[in-house]
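Subject: Structure handover

Hi,

My notes on it follow below.

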Amino acid sequence: MAGTRAIHQAEKKPAGFFRRFVSVGELGLLVMLAVLFVIFSVASPYFFTVRNLSNILGQISMTLVAAVGLSMLLISGEVDISIGSLQALVALPLLVVMNATGSFWLGAIVALAAGAVVGVVNGLIVTRLKVNSLITTLGMYYLLRGFVYLVTGKVPISDQSGKDLFFLVGNGKLFGFLPYTAILMFAILLLFMWVLRSTTFGRRLYAVGGNPSVARAMGISPERMKLTAFILCSVLASVSALLLASRLGSAVHTAGIGFEFQVVAAVVLGGVSLAGGIGNLLGAFLGVLILGIIQNGLGMLEVNTMWQLVVTGSIIILAVFLDELKKRHG
Amino acid sequence: MKRKLTVLAVVLLALLFTASVAFAGGGEEKAAAAGRIPKRVGWIGNYMMHEWYQNVQKGMKARAEELGIELVILDSNQDMARQVSLAEDLIAKNVDVIILTPAQQEGAVPIVKKAKAEGVPLVIEASAVEGMITMVAICDYDCGYKGGVETGKYVKASLGGKARVLAVDLPMLRPCILRVDGFMDGLKTIIPDAVLVHRIDGQGLKDQALQVATDALTADPNVNVIYGCNDDSALGALQAYRAAGLDEKKLVVCGTGGEGNAFIHAMQEGGPYKVEAAMFPEAVGYECINMAVKLHNGESVPEHYVTPTFALTTENWNKYYSLSGEVRTINWDAVNAIPREPQCGKY
Amino acid sequence: MEATAKPKQSLFGRLILFNEIMLVGVLLIISVLISIGTPRFYSTTNILNILRDSSMAVIAGIGMTMLLITGEVDLSIGSLVAFVGVVTMDITNKTGSVLLGVLAGLGLGAATGLINGLVRTKLKVNSLIGTIAMMMILRGSVYLYKIEAVQNYHGLNAFFQIGNGYVGFMPIPLLIMIVLYVIFLFVINRSVLGRSLYATGGNYTAAKISGINVDGLKILTFVMNSILAAVAGVILVSRMNSGQPNAGQGFELSVIAGVILGGTSLGGGEGTLIGTLIGILILRVINNGIILLRWNQDLQIVISGIVIILAVYIDNRRKIARSKIITT
Amino acid sequence: MNETNGYILEVKKVSKEFPGVQALDAVDLSLRRGEVQALVGENGAGKSTLIKILAGVYRKDGGEVLFEGRPIELHSSSDSLHLGIKVVFQELALIPYMSVAENVFLESFPLKGNRTIDWKTMNGETGKILRSVGLDLNPSTPIHNLTVSQQQMVEIGRALSHEARVVIMDEPTSALTPNEIQSLFEAIRRLKAMGIGVLYVTHKLEEVFELCDRVTVFRDGKLISTREVAETNTDQVVTDMVGRSITTLFPRTHSGKGEAVLEVRKLSTEKKLREVSFEVCAGEVVGVFGLLGAGRTELAKAIFGLDPATGGEVSVRDQRLKLGSAVQSARSGVGLLTEDRKEEGLVLQMSVTQNITLPSLKEFATMGFIRRRDEQERSQEFVNRFSIKTPSLRHKVEYLSGGNQQKVLLARWLMKKLQVIILDEPTRGIDVGAKAEIHKLVDELAREGLAVLVMTSEMPELLGVSDRILVMSGGRITGEFDKDEATQEKVLAAAIVGGE
């Protein structure tokens, strides 16, 4: 069956198709991006300014950091929709520890550890108990959120440590225009671009997502790879949670509601396939950037929320459709 | 091939941004500091699609027009992360004053800091944020309290002096908790032995309130007072009560807010919906603009500017509102005449 | 081999039932536990309340089950419920005719389903993403249509009755649910259409080769799903006696959760209406019990989450066990 | 390590059972260092099962495997890989969206430092390896851009790229052209020289005599013989393989042909077919032969309308079909038995009955509702008539043996009144017994006056079952023979013309 798949691939697609496919893929998004840039710049004098552009970078950073993790998970052939609830969860240990010890770093470490634990749980349920990842994380989506409500009693934990560092992480800017969050975001993006392209782990992730049985025949354990992917996804979601907490200056029980859909939409928009094995972080980045710019631009144009919803929804459908079109006629 | 593309893409993006830096001159120049009246005021609403904010907006727009202020209205749509971004957007748009309705109080602290840093005056609407200069808001506790007193009177007069209360709360928001507390305290001043038999979370949504109230009323069918921390909560619970086939003669409902026209219809139909702890959103919006002007001119302002609240009843509601078709208009004189508490009984 | 096969078969037969039996067991256990905690649970009023309240989720669940059987999903029904409610109420007010209002609501449902179906089959957009987008579009549109809640101005009693009335002791919504449930029980288990749903979800190409018009079938299923969701929307708006643009938030997930809990697989080709009914009731009973017991309401989502994962895990064990018995 | 006997790999009394099939029945096999041993036998003889056991894909039920004299347990693929047992599977085991080099080195990438993948070395090495098997292409090309034969060579390359002690090849030449085959043989001889043991599974006897030192024959899961190639000949091997003469295997009773039923004119597809034209008459069985990737499956799918066609026309009894509309073809009496049963034929979650009646449901329906009893009775008929071995009608097809699954699919089409039936590799992966039964059924179909089109890559099946033979290569029809003028040589010659 693995074979027949490979054969069909080979015979469906004429040579050179892949090149066109990739280029069309990213270039298509780049064109879309450029078009949006032009439209918004023409429509609003405030859009195309250093300040606003640096704002955009700051604003997309949370989505992107999480998107990097989710992309890798999707490439491995699984999905996680509990990251929104996770954002609310991991902010708790951060704030609690930070208020207790006065150390941001200590808090951050504990928070990331907490995130990793959730990743392990998700991963084990999917790989060991063989429960479909969408269902598993749907359960977690409820479970984590409820847990947060219970332990916080729906009272936010605000920052008593008065650490400037904590505020700066999410709100500070280098040279007054480059947000620290953006620097972190690009660092993480480039790091994992490298991981996916240049490390055994990265390539094997594609193998596992592309065809688990073949991977297994090559002595790769899909289970172990997917588990790792789940952990990475949760940890990166936790990093985004730290940035959010810093931007909010507190741990808020309602944080991250609907975040998971936002990230999934952006990543798929960027050409990462829900089927696994296909996609790359450059695409994911462009997907996030496009949605971020749409949101910011429509805000700049004072478009009301109703129209924002309608427009964003339509653009998502359009983008995914174009992607499909491209895949069909190479 | 792929690597080439990556490079290409990064380069392209880099270009776009550097270009923008070069471009930057245009938007960067601050709007020339205005005279007495700010040129542009920006409002970050929290849930603009909700009727309450629609009416706050009415008041704001009315006042802004009177003073010839350009009003920029944005909506965080209950997304805290978005709210911070929008604050940045507004600062980028060089507004003279920002009015903020926090999607979440604690979550708004960084915005206060940002505004301070950028030297943009900030008016907070609705709920207090640590480190803020000033807030325009009702007193939630006192609003509920007034509702409680008025409800108590009705209970004493028509329901035999016993009050068993079902409160449909929204514990997610502190103001709602305050309202329920206030309501009970107010009620107890008239009916000392009033009991809060069940306090449920209706999420401020009518369908949710309906569902949880259905269950709660099964647990305590002998409830005779329903209090909702907003109108939808109260109306949802009332629907549940009706559906349960319980006797409407034995019930009084008190809603909070006067967000839209729903409570007026409810009162007009002559059912158990007797009391509305009104919060006059139009007035809130109106005062927000006034406060914005004050701040712009560096006048001294109170930390909390209290806007009026009043317990409306089936008899007197039309002194404050008139409804023609679906358009409700506020009677300013009556509303401004309402005595306002210097500061709230509880925060 | 015939000889060895025989015992397997009977065991196989029993195992087939296992999932539903297990679910019923879970439902009973939970009910008993709650009844111990509070006598009120086991009262006709409460049972009827639970059933009447679940009717909306069950009706929508029928459609969602069929959709999942064909291997698709629809996340836009929550927003649709709100939109249908507002339109139904508004048209009823404008025309003074409940019938027209309801028809308008169902029409809107059908149209939405058609669009979802076309987006899936013609534009080939994955239904998960496509309907997330539709969820946003509908939520935006309902507010654009009417920003404030629409009241039942003429206080039409007929309208109020749809969701709150009784026939004898039987709540009308429950009656509607039972009728629809029985009809679709037959459609899914006994009709060519039903069989085609399973075939399409189980093996797309095989279904195609067998002469089933798979894309047409999927579109039809999307439409049926949306119409059923619209029926739920009509019941909800009548129960609220006003069209609320903010209604139905999270409705889609709670329905899907119930359906999955009922043993319908996300992969397509598997699922039963019985399971869906029980699954949704389990979740509803949990919520009901937690309030009756005056526990912290936040436990509702925690417990639901745990139950979902557990149920699906057990169902998997069952499938694995079965395949072992058969294949070795 | 044990040097006393020259055996690097020994299989002793190994058995494996699948539901309904005893795939391996206590077989022995021993492989010397530096030897090329042929393993031959018909489909279902157990060759592939043994290979999968040695590859760690299946677990053996009984017996033992010795590697260099030491007994070993192969729990997973990595076990065999670490021992240096490399397998080239018949169905390609490659990852379509990854590059050639990555697929070759998937097992362990060359690293720079100890983290980063060393693309330069990897591509370089891959280039060398590919050239060593006479393949010259850019290592960074993604797999799905290659022709099937190229993919096959890449797989072989992968087996050679690592520390191999034993190389097992499962019909590696089925898709290759003569030149490619020669370079493959050279590569294998190099392995031999390096003292590597090669187990070479094939059904092409000429290869056995050109390349191999010994030949082992399996039949119906049992070891029949192991002989020195030098001391045996084709006839002997064939008798071992078949155990009976070809004629009894394929009872072709009927060959009265009626008027043309299926007519294909200049049928072309974007990817493969080039103006294919032919016709099939009522009661006629036309066999279509071609190497892997010649376009057999594409032809079947294009005729049925499963794949879009770019040009040409297909008509059934002078009624022209809408190209690319499977629904219409199905409704106008065309049936398709796909090559890949599980992926494209059966609905695994459904019962035997439900699978059989799927295309003819309407016959059992009144007003769209199914008359369950009718359905049960009719399918029971067919289950008996085809002697489909199943515990019950409610039994899920998923759990039937390959042969019985195939019979279910045939029953499906016999139940429906058809004009034309297209059978794509109808006996792939089916044990010899069932195979014969299926050939009987094909004959039966023809006798009922259907036009039958059989796509096959099995020479004996082709020669046995068809009245007329079409040979395909590179998406074209490169030869047409009548039953009696057709010979293995002629057919193969035509199949290689213009092959990729």
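Chain A first. It has 14 helices and four strands. Please keep in mind that this is a predicted model.

**Chain A overall**

The C-alpha trace of chain A spans about 65 × 55 × 35 Å along its principal axes. Its radius of gyration is 20 Å, which agrees with the value near 20 Å for a compact globule of 330 residues. Of those 330 residues, 63% count as buried. Take the contacts in chain A between residues at least 6 apart in sequence: 79% of them join residues at least 24 apart.

Two packed helices are described by the angle between their axes and the distance between the axes. I have both values for two pairs.

The crossing of α9(A) past α11(A) is left-handed. On the α9(A) side, the contact uses Arg204(A), Leu205(A) and Val208(A). On the α11(A) side, Pro222(A), Met225(A), Lys226(A) and Ala229(A) take part. By class, that gives five nonpolar and two charged residues, with no polar ones.

The second pair is α3(A), residues 50–75, and α13(A), residues 281–300. These axes come within 9 Å and cross at roughly 145°. Here the crossing is right-handed. From α3(A), the contact residues are Asn55(A), Ile56(A), Gln59(A), Ile60(A), Thr63(A), Leu64(A), Ala67(A), Val68(A) and Ser71(A). From α13(A), they are Leu281(A), Ala284(A), Phe285(A), Val288(A), Leu289(A), Gly292(A), Ile293(A) and Asn296(A). The contact of α3(A) with α13(A) has 11 nonpolar and six polar residues, and no charged ones.

**Contacts between chains**

Which chains share the most contacts? Of the five pairs of chains in contact, it is A and B. Chains B and D do not touch, and their nearest C-alpha atoms are 9 Å apart.

I looked at the contact between chains C and A in more detail. It takes 34 residues from chain C and 34 residues from chain A. On the chain C side, α5 (127–145), α11 (251–261) and α13 (299–327) each supply at least two residues. The largest share of that side comes from α5(C), with 13 residues. By class, the side of chain C that touches chain A has 23 nonpolar, eight polar and three charged residues.

Is Val302(C) buried or exposed? Val302(C) has 21 other C-beta atoms within 10 Å. The cut-off for a buried residue is 20 or more, so Val302(C) is buried. Leaving out residues up to four places away in sequence, Val302(C) touches Tyr142(A), Leu143(A), Gly146(A), Phe147(A) and Leu150(A). For a distance within the chain, take Gly155(C), which is 147 residues from Val302(C) along the sequence. The C-alpha atoms of these two are separated by 39 Å.

**Chain D**

Chain D has 18 helices and 24 strands. Its radius of gyration is 24 Å, close to the 23 Å that the globule rule gives for 500 residues, so chain D is as compact as a globular protein of that length. The C-alpha trace of chain D spans about 70 × 50 × 45 Å along its principal axes. Of its 500 residues, 54% count as buried. Among contacts in chain D between residues at least 6 apart in sequence, 68% join residues at least 24 apart.

Within chain D, look at helix α10(D), residues 296–304. Nine of its nine residues are buried, so α10(D) is largely enclosed by the rest of the structure. The buried residues of α10(D) include Arg296(D), Glu298(D) and Lys301(D). Leu299(D), Ile303(D) and Phe304(D) are also among them. Just after α10(D) comes Gly305(D), with a positive phi of about 90°.

Best wishes

Key
Residues numbered from 1 in each chain as written. Chains lettered and ligands numbered in written order. Predicted model: local features only at pLDDT ≥ 70, side-chain atom pairs only at ≥ 80, totals over all residues. Left-handed = near helix turned anticlockwise from the far one by under 90°. Contact = placed C-beta atoms within 7 Å. Nonpolar A, V, L, I, M, F, W, Y, C, P; charged D, E, K, R; others polar. Rg over C-alpha atoms; globule rule 2.2 N^0.38 Å. Buried ≥ 20, exposed ≤ 12 C-beta atoms within 10 Å, placed from the backbone. Axes fitted to C-alpha atoms, helices over the stretch in contact; angles between N-to-C directions.
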